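Colleague: I would like to go through the labels used for this model and see what each one rests on. Where shall we start?

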Amino acid sequence: MADGTPRAEIVAEQAADRLYIIDARNGVERRILLDWIHSTSGDDEPVWASLDIEDGDHALPVDVLQARLGGASSRLVVPLRVAWRIPGFDKDRALKFRHLIFGDPRHPGPLRARAILLRDRRRAQILVGEAATLDMLRTRFCAQTGGGDGEGEGSPEFARFVARQAALALDVAERGIRGTRYKVPRFVADGLRTSPKFRAALADLAEATGRPVADLYREARPLMKEVIARPSALFLDLRARLDRMMFGGYAPEMEIDAAELAKLRNILREHPTAILFTHKTYIDGATPSRLTYEKDMPMLHSFGGANLDFAVMGEFFRRSGMIFIRRSFQDQPVYKLVLRHYIAWLLAKRFPLSWAFEGTRSRLGKLMPPKYGLMKYVLDAAHATGTRGVYFVPFVTSFDLIRDVEEYAAEQTGRNKKPESLSWFIGYMKSLKEPSGRIRLDIGEPVVIDAAPGPDDRRALEKIAFAVAVEANRVTPLTVTSVMCLILLGMAPRGATSAELLGAIGAVTDWARARGIRLSKELESGGDGALSATVDTLVASGLLARYEAGSETIYSIDPAKHPMASYYRNIIAHHFLDRAMVELALFELRDAVSGDATAAFWAKIDRLRDLFKFEFFYPPRGEHLAAIEAELSRIDPVWDRRLASGDRGIAQLLRRCQPVVGHAILLPFAEAYSVVADLLARANPGDAVDEKALLDAALTEGRQAYLLRRISSEAAIGKLLFANGLSLMRHMGLAEEATPDILTQRRALLLELRGLANVMETMRLSTVALADRLPGTSDV
C-alpha cells in the first residue's frame, strides 16, 4: 500500500516464505527497495527478483523471476516500487513542457534520483502492491490466458504474467497517492496475445482464410503497435495543460451539476462506458477529457483518423490516449480483428471511450444526424467478445460564445473559408484567449445496451444512435446567448429595449421551467447582474449591438450577424419545436378555417412534420402527437373545446400563446426551402437535377432573394439548409427529371412555402406589437 504496508496481511507462518518483485528502473531505486526489505522483513536472506516492469509493453527479462517461482503454493509474492513525489504538484499539477525534453520528474534517472535524495529523502516513497500467493497467481493465469503457451507454470509465459500482475498491483497502489486520473492501460498487446478469445478468433480467421495462425499472428503484431494508444502520466498532464490553454478565454471553472458528476463517476467505475459528446467547435472534444482529469476520474480514450498520426503531434496524442483508425479496412480482416478485440479489452477493463457521435462539427447549431461508424465498431466489438452492459453517455457542452461560428457562417453563405494551416491554427488559438463567457456541462441519462446487436442489425444501431441524440437534445440547456438570439431574431429588424428584452427572457424562462427544460445558472437565477456579465461579453464580441445614446438602451443584432446568431438559436430550437408547430398551425387556421377545425389542425401538424423532417429528430408519430397535445394543455386546459369552436376559439388560443416564437424557429428553414423550390420550379421540361450546380445556384439566388427581401434574413442562406431542402424535394418525388406534372407540383410546393413564410411574418408582427406590453424591469 501507499503507506508502506502490504494490502494483504502477512501472517507469521508466511513471513519466512516471501518473494519480493522489485520494480526498479535503475540501481538507485533497487538500493532503496532492498534497504526497505532488509529493514522490515526480518528475513536473513530475502528472496527477490528485480525487473524494470513499469514502462511499456517491451519484452521482460524474466529468467531470474522464472527460477524463483518454483516455491510452495503458499509463497507470497510481494511487489515493490519507488514513487517519486513532486513538491506542490498536487495543488496545481503544474507540469512543464520542458519535461518533454528532460523527462518526467516522477521517473528520475540515477543521477537525478541521487540529487533528489540528497535534498529530501521523503520524496522517495515506498509502494507495496497487493500481495498474492503463487497458488492464487496460477489460478489467475489459467483463468485469464487459458494456460498461456501450453508449457505450464514453469514457462516464461507464466513468469511474464506474474510480472504484469505485480506491475498492475503497484499501479493500483500508486493511484492511491497520485489519483485515478492516471489509471492507464498496461501490457495491452500481451493481454490481447494471451487472451483465449483473441486466440480463438485468430484460429477461426485462419480456418476461414486458409492461412496459418502463425502468419496471422505475425501480421497482427505491427497492427497492435499501430492501433494501441500508449498513454502515460506525463502526457496526460501535458494534454491537460494544453486543454487549459485552449479554454483560456472562458471562466476558469466549468459548470456541472454535482449529482450528475457523481453519477458519471460511478458509471465510469462500474461499467464499460462510451461518452458521446455533441460537436459544436474544435475544442468541445476536450471538455470531457478536461472534466475527467480535473475531477480525478479515469482517462478517456478518444478516436482520430490515421491521417492525423504524423510526426510529433501524432505521438503526442497517442501518448495522451488517442486511438488512430484507418479510414477504410473492409478488406483487412486481421486489422479489423485487432481493432475489435482492442476496443473490447478497453471496455472490459473499464477504460472509457469518447467521441463525437455526430461525426463532424455542427455547422448550423442544431444536432446533426449521428454517424454510425465508431458506434458500430464498439457494438461489433462488444458483440464479438460477449461484453454486456455497455453504457453510452450523452455529453453536452454549452459555451456562451463559440469562436468557430463566424467560420461556419462564412462557409454556409458561400464566402471563402480560410484554409487550415499553421498560421490559421495560431490565429485560432489567439482567438480562444478573448473573453468568451462560461462553459456548462450537461450529462444525459445513459443508453444502456445489455446485449450488443449483431453486425448486420442496422435497425438496432439506428435506434441506439437515435436514443443518444434524443437524450442529448433533452439535456441541452437554454443559455443567455441562445435565448437572446431567439428573441432578437424573432423581432428583427426591430431591436428591443432592455426592459422588453428582460420581459421576453422572463417569459421564455418561465415557459421552459414549466416544461422541465434546463436553464443556465444565469437564467435560473434571473438576476440582472448575472445576465449583465454575459450580455457585456456578447456585445464586446460583436454578436449583439447595444445602443445607449438615446433615452433607452436598445439591443439588436446586425443583419450581417444573423447567420451567426441563428447558430446559437438553433442550438435550442428543438425545445420550441412543438410550440412552434402549434402556433403556426393555429395562425394558418385563423383566417382560413372552414369545416372541422380540429381535423384541419391535426392535418397541418402532420404537414409541418413532413416539411421539416430533415431538420429535426421526431419521436414516433403517436408520441409526437401526444407531446403536441400536452403543449396545448399547458397553453389552455380546454384547448380541445376552443379548437372545435372555430374562429373565436382559435383567436382565444392564440392570445394565450403570446409571445409567439414559431416564426423565430421555422422561418429560416421555410425560406431556404423556397429558394430551392423556386429554382426547380423554373426548370424546363426534361431538365435533370444536378445537385452541385443547384446548390451553387441557390447561394446566388438566395442572396438575390435577400436583397429583394423575398427572404427576411441571411440566416436562410446556407449550403446545408439548401441541401436539406433538396432532400425534401427528393422525398416528395420532385427531384426527378422535370415533367409538366412535376413542375406543377414544384410550383405548388413553392407557393405553400411562401405562404408559410407570410404567415410567420404575421406572427413576427404580433410579437412586435406585444413588445411594449411585456413586463420589464431595469436595464440589462
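Modeller: With burial: a residue is called buried if its relative accessible area is under 20%, and exposed if that area is over 50%. The model is a predicted one.

Colleague: Why is Tyr673 called buried?

Modeller: Its relative accessible area is 2%. The cut-off is under 20%, so Tyr673 counts as buried. Tyr673 is part of helix H31, residues 662–681.

Colleague: What is Tyr673 in contact with, leaving aside neighbours within four places in sequence?

Modeller: Contact requires heavy atoms within 4.5 Å. By that criterion Tyr673 touches Leu611, Phe612, Phe614, Glu615, Leu721, Asn724, Gly725, Leu728 and Leu753. As for Tyr372, 301 residues away along the chain, its C-alpha atom and that of Tyr673 are separated by 27 Å.

Colleague: How much of the protein is buried?

Modeller: Of its 780 residues, 55% are buried. The C-alpha trace spans about 100 × 65 × 55 Å along the principal axes, and the secondary structure comes to 34 helices and 16 strands. Among contacts between residues at least 6 apart in sequence, 78% join residues at least 24 apart.

Colleague: How do you know that the length of helix H22 agrees with its number of residues?

Modeller: H22 covers residues 498–514, which is 17 residues. The expected span is 1.5 Å times one less than the number of residues, and for H22 that gives 24 Å. The end C-alpha atoms are 24 Å apart, so the two values agree.

Colleague: Which residues of H22 are buried?

Modeller: The buried set is Ser498, Glu500, Leu501, Leu502, Gly503, Ala504, Ile505, Val508, Thr509, Trp511 and Ala512. After H22 comes Gly516, with a positive phi near 70 degrees.

Colleague: What makes helix H14 mostly covered?

Modeller: H14 runs over residues 286–294, and eight of its nine residues are buried. These are Ala286, Thr287, Pro288, Ser289, Arg290, Leu291, Thr292 and Tyr293. Just after H14, Asp296 has a positive phi of about 55 degrees.

Colleague: What makes both faces of strand S10 covered?

Modeller: In S10, residues 353–356, Leu353 and Trp355 lie on one side and Ser354 and Ala356 on the other, and all are buried.

Colleague: How do you know that S10 pairs with strand S7 and with strand S8?

Modeller: Pairing needs at least two bridges between the strands. S7, residues 273–277, has four bridges to S10 in the parallel sense, with Phe277 and Ala356 as bridge partners. S8, residues 301–305, is joined to S10 by two bridges, also parallel, and there Ser302 stands opposite Ser354. Given the criterion of at least two bridges, both therefore count as pairs.

Colleague: Why are strands S14 and S15 called edge strands?

Modeller: They belong to an open sheet of three strands, in the order S14-S16-S15 with antiparallel pairing. S14 (496–497) and S15 (545–547) each pair on one side only. S15 and S16, residues 554–556, share three bridges in the antiparallel sense; Arg546 has Tyr555 as its partner in S16.

Colleague: What lines the second largest pocket?

Modeller: Its volume is about 900 Å³. The lining has 30 residues, and Gln144, Gly191, Trp345, Ala348 and Lys349 lie nearest the centre. Helix H8 (156–178) is one of the elements that give two or more residues, and its share, seven residues, is the largest. The classes are twelve nonpolar, ten polar and eight charged.

Technical notes. Residues are numbered from 1 along each chain as its sequence is written. This is a predicted model: local features need pLDDT of at least 70, side-chain atom pairs count only at pLDDT 80 or more; totals for chains, interfaces and linings use all residues. Side-chain values use heavy atoms; hydrogens and water are left out. Buried means under 20% relative accessible area, exposed over 50%, partly exposed in between (1.4 Å probe, protein chains only). On a 1 Å grid over the protein atoms alone, a cavity is a set of points where a 1.4 Å probe fits but cannot get out, and a pocket is an open set with protein on both sides within 12 Å along at least five of seven lines; lining residues have an atom within 4 Å of a point. Grid points are joined across faces, edges and corners, and a volume is the space filled by probe spheres set on the points. Ala, Val, Leu, Ile, Met, Phe, Trp, Tyr, Cys and Pro count as nonpolar, Asp, Glu, Lys and Arg as charged, and the others, Gly among them, as polar.
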